[in-house]
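Student: Could you take me through the salt bridges in this structure? I would like a close look at which residues pair up and where they sit.

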Amino acid sequence: MIRLITAAFALALAPYVLAAPSGAPEGRLPDTVTPSHYRLALTIDPRKDQFEGATTIDIDLHAATSVIWLHGLGLKVKTATIEANSHTITAKYEEVDHDTGVAKLTAAAPVPAGQAVLKIEYSAPFQDSPQGLYRNKIGDDWYAFTQFEAIDARRAFPSFDEPRFKTPFDVTITTHGGDLAVTNGAEVKAQKSPGAQVWTFQTTRPLPTYLVAFAVGPLQVVEGVVPPNAVRHTPLPLRVIGPKGDPKRYQFALEQSPELIRRLESYFGIAFPYPKIDLIASPHHTGAMENAGAIIFEEDLIAFEHPPTPREEINFGTVTAHELAHQWFGDLVTPAWWDDIWLNESFAEWMGSKIADEWRPKLGIEQEQLDGTLQAMNTDALRAGRPIHQPVETNLGISSTFDDITYQKGAGVIGMVESYLGTERFQKGVRLHLTRHAYGTATAAEFFRAMAEGSGDPAVIEAFESFVNQPGVPLVSVARAADGSLKLTQSRYRPLGPGADGTALTWKIPFCASFYPAAGSPAKQCTMLATPTGTLAVPAALKGATVHPNAQGAGYYRFAVDADLWHALLTRSAQLPPRESVTLADSASAALDAGKLSFAGFYEAAQALAAHPDRTTALSLGYRLDTLHDRLATPAEQPLIEHALVSLYGPRLARLGYDASPGRYASDPPEQQLLRRQLIGLVALSGRDPAVRAALVPFAEHSLNDPTRVEPLFRWRVWAVGIQERGAAVFGPLKALSVGRDAQVRTDAGIAVGYTEGPALVKQALDFSLDPQLDPGSAGRIVFLAVGNPRTREVAWKWLDAHEAAAVGRLPVMFQAAAFASLGNSFCSAAERASFETVLGNKLKPLNGGDIAVGRALESIDDCIALRASLGDSITRTLKAAH
């Protein structure tokens with residue numbers, strides 16, 4: 001699963017969460033029952049409010065019992081029986097925990113130990129958002145799709161809904177009105193009956209419940225094949241499936257997915273683990289889900305009405321490769337429990353970027369992934385944090401494991417270990433792990449052991465564990481000794497704020513530095529920094545070289561150097577490899593936050609890096625300036641920062657050009673196209689440059705009736721400028737486009753609506769976010785953008801105070817707390833802190849993962865208050881002197 005922020009519109013927030021009833025398991029189910037096979041018979045008609053099901057589960061009872069604990073949430077059970085020893089025993093089904101879906105079957109007579117069969121007939125409501133079995137209406141057509149991770153399969157069928165239980169599934173689906181049905185197994189037969197059609201599917205390989213998937217509706221199916229290769233000797237059936245329309249929308253995904261699969265098979269040395277692969281587009285899915293052989297995507301990730309832009313290629317490549325990587329790492333080998341889900345997502349995040357970058361090496365994908373890891377360090381630096389590997393004792397604790405610590409920190413740690421071991425040794429460990437546990441489950445400890453055995457380096461276990469089992473970001477301070485060696489000191493990085501928690505942490509850091517001598521080739525030197533201090537020996541030829549303390553940006557740590565080395569790095573920053581220059585920019589931002597670099601020093605770094613050839617590096621500190629503008633700058637400082645952004649990036653944009661005519665720059669290198677796109681945002685939206693805005697407004701106006709009249713690569717930015725400059729004349733048409741049939745246009749229009757300004761229109765935009773026709777991703781962005789913009793924050797916050805139940809309720813239960821707590825990152829005063837606690841914080845704490853999410857938000861506000869105090873008038877002094 002990737003980047004899931006989705007909708008659950010019908011949920012009311014009061015009461016928020018109830019304690020599990022006495023006696024009900026709050027986490028793992030008892031070990032007294034093991035499922036061995038499921039047979040699911042479902043009748044799914046998305047035009048109706050409910051669906052029906054009959055679930056048969058073969059089980060092994062390890063002791064005689066009258067009570068069987070299992071999972072079911074919102075199911076209306078009609079009958080329940082248990083067959084054992086040729087006898088049928090009636091049972092009473094009872095949902096005992098209505099928040100997490102813990103249920104129990106109480107048999108009318110004791111059930112003996114041994115094999116038994118559960119049979120349960122039921123009905124259940126469709127969900128209005130991507131959790132469980134949910135439905136969408138697009139135009140006049142209804143569709144149903146699923147999102148079961150983490151614990152929402154129990155909304156669709158009674159089950160033992162834990163990842164350790166991997167079993168085969170037999171599925172039949174009855175549809176109506178000519179609807180098609182898709183699931184994990186290949187179709188075996190479709191049998192028509194009066195007014196209905198019964199679809200029977202191939203028995204699956206062993207799967208946990210969270211990887212089962214269904215899709216039903218008037219679906220468009222485009223068929224292809226993944227050709228045989230050196231690893232897989234037979235063709236693999238491939239289909240791209242989604243809402244009906246022009247099948248050409250799916251051609252890019254159909255043509256490009258085979259290459260991603262080929263590269264993954266080559267890396268793993270294992271053929272694709274399932275008999276077929278379907279890529280399924282859902283209009284209201286946010287992100288994507290790695291269901292075995294049946295991946296479900298947000299529609300705009302795989303459906304393109306026009307040739308995809310470089311940005312769309314990045315999104316397609318990284319997300320598709322991520323979900324495909326899961327087919328091995330997560331599906332073929334599954335975590336035994338949710339405390340190890342981090343390994344699934346960390347590995348897929350790292351692997352997805354790696355494969356996508358190989359597929360499209362000129363799009364800067366690896367730098368973007370690194371930037372994500374560096375952003376995760378800001379979360380990891382907080383005291384209200386958690387380790388990557390977090391014990392999960394209750395169902396309510398599962399959701400907190402799906403955050404940027406799992407995805408981005410984990411990906412950074414995996415990349416660091418690969419860099420230290422080398423690609424081939426690391427790959428051997430991965431292959432050993434997958435081969436050893438194929439179609440079963442495994443723990444992170446077993447992965448570490450396979451890595452040690454495969455690489456031949458037992459020390460890698462302790463290195464992994466030191467980063468996985470404790471929170472925090474290491475800070476490595478580097479000083480050159482008299483003999484030319486590097487003296488290394490590790491500590492925990494912390495921004496300004498209420499101080500450390502008193503715990504001294506030590507990591508086993510694979511530390512690698514790059515050396516750039518005045519003459520000769522660059523060189524890399526490494527050591528394992530396992531104690532608070534250490535030394536990196538430096539060969540004589542490198543003793544006078546400029547040192548970058550994080551070679552290729554592969555280490556999960558921040559670094560600090562003295563003034564001479566810092567200026568030497570800035571001076572040669574344009575010659576640094578892209579990943580090293582990205583970490584240099586991060587060091588400037590992190591040092592500012594920690595009170596170790598003045599704002600003048602920070603702005604000097606921004607000026608030095610603004611012209612860097614690498615896009616991510618060049619723009620990194622511009623985005624940091626934009627955050628300072630939106631969050632902590634005073635009304636007097638905000639125009640100074642806007643002018644600074646235009647001064648830093650306007651000349652480069654002018655040289656590149658910003659004609660919004662479609663195809664005007666199609667012959668430019670992809671990275672240049674992407675740079676232009678982001679520069680337009682920084683100069684026109686963040687810097688509010690009048691000349692650029694005036695040039696873009698006509699394109700916004702002329703494309704409202706025909707979105708193809710503006711360049712799709714920066715369409716939403718053009719529309720955002722248009723809505724700010726022309727107000728209601730643009731707002732109305734964009735609302736209509738944001739619920740239209742074109743997935744890309746829908747997304748762009750929804751984002752642009754979030755940039756609305758002016759109190760009356762802002763209220764209309766926020767009210768629109770509650771419209772169930774609007775996809776949940778766009779709904780969330782409207783609220784978040786309105787609160788994040790200092791021009792609209794007051795109006796948006798008052799609206800949220802009045803509508804928080806409905807607004808939070810647009811997200812699935814699993815992600816409500818984490819998503820809305822992040823709104824605290826917009827605030828930077830004691831009064832705003834108190835308001836945040838009143839309006840949201842105290843209400844979010846009882847939700848899944850609420851304690852840590854709200855704790856992070858409050859600490860972030862405290863840190864911002866401390867930074868604001870430390871900066872004094874330095875923003876004004878520095879920017880007035882510079883311009």
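Tutor: Arginine 494 forms a salt bridge with aspartate 863, and their closest N and O atoms are 3.8 Å apart. A salt bridge here is a side-chain nitrogen of Lys or Arg within 4 Å of a carboxyl oxygen of Asp or Glu. This pair links distant parts of the chain, 369 residues apart. Arginine 494 lies in the loop between strand E23 (486-492) and strand E24 (509-516). Aspartate 863 lies in helix H24 (residues 850-871). Helices (H or I, at least four residues) and strands (E, at least two) are DSSP runs, numbered from the N terminus. Both arginine 494 and aspartate 863 are buried. Buried means under 20% relative accessible area, exposed means over 50%, and partly exposed is in between (1.4 Å probe, protein chains only).

A word on the source. This is a predicted model, in which local features need pLDDT of at least 70 and side-chain atom pairs count only at pLDDT 80 or more, while totals for chains, interfaces and linings use all residues. Residues are numbered from 1 along each chain as its sequence is written, and side-chain values use heavy atoms, with hydrogens and water left out.

Now take arginine 558. Its salt bridge partner is aspartate 586, with the closest N and O atoms 2.9 Å apart. This pair, too, links distant parts of the chain, 28 residues apart. Arginine 558 is in strand E28 (residues 558-560). Aspartate 586 is in helix H10 (residues 578-593). Both arginine 558 and aspartate 586 are buried.

Some salt bridges share partners. Those bridges join Arg249, Glu299, Glu305 and Arg746 into one network.

Next comes arginine 47. Arginine 47 forms a salt bridge with aspartate 45, and the closest N and O atoms are 2.5 Å apart. Arginine 47 is partly exposed, with a relative accessible area of 38%. Aspartate 45 counts as buried, at 9% relative accessibility.

How many salt bridges does the rule give? The count comes to 47 salt bridges. Among them are the pairs arginine 494 with aspartate 863, arginine 558 with aspartate 586, and arginine 47 with aspartate 45.
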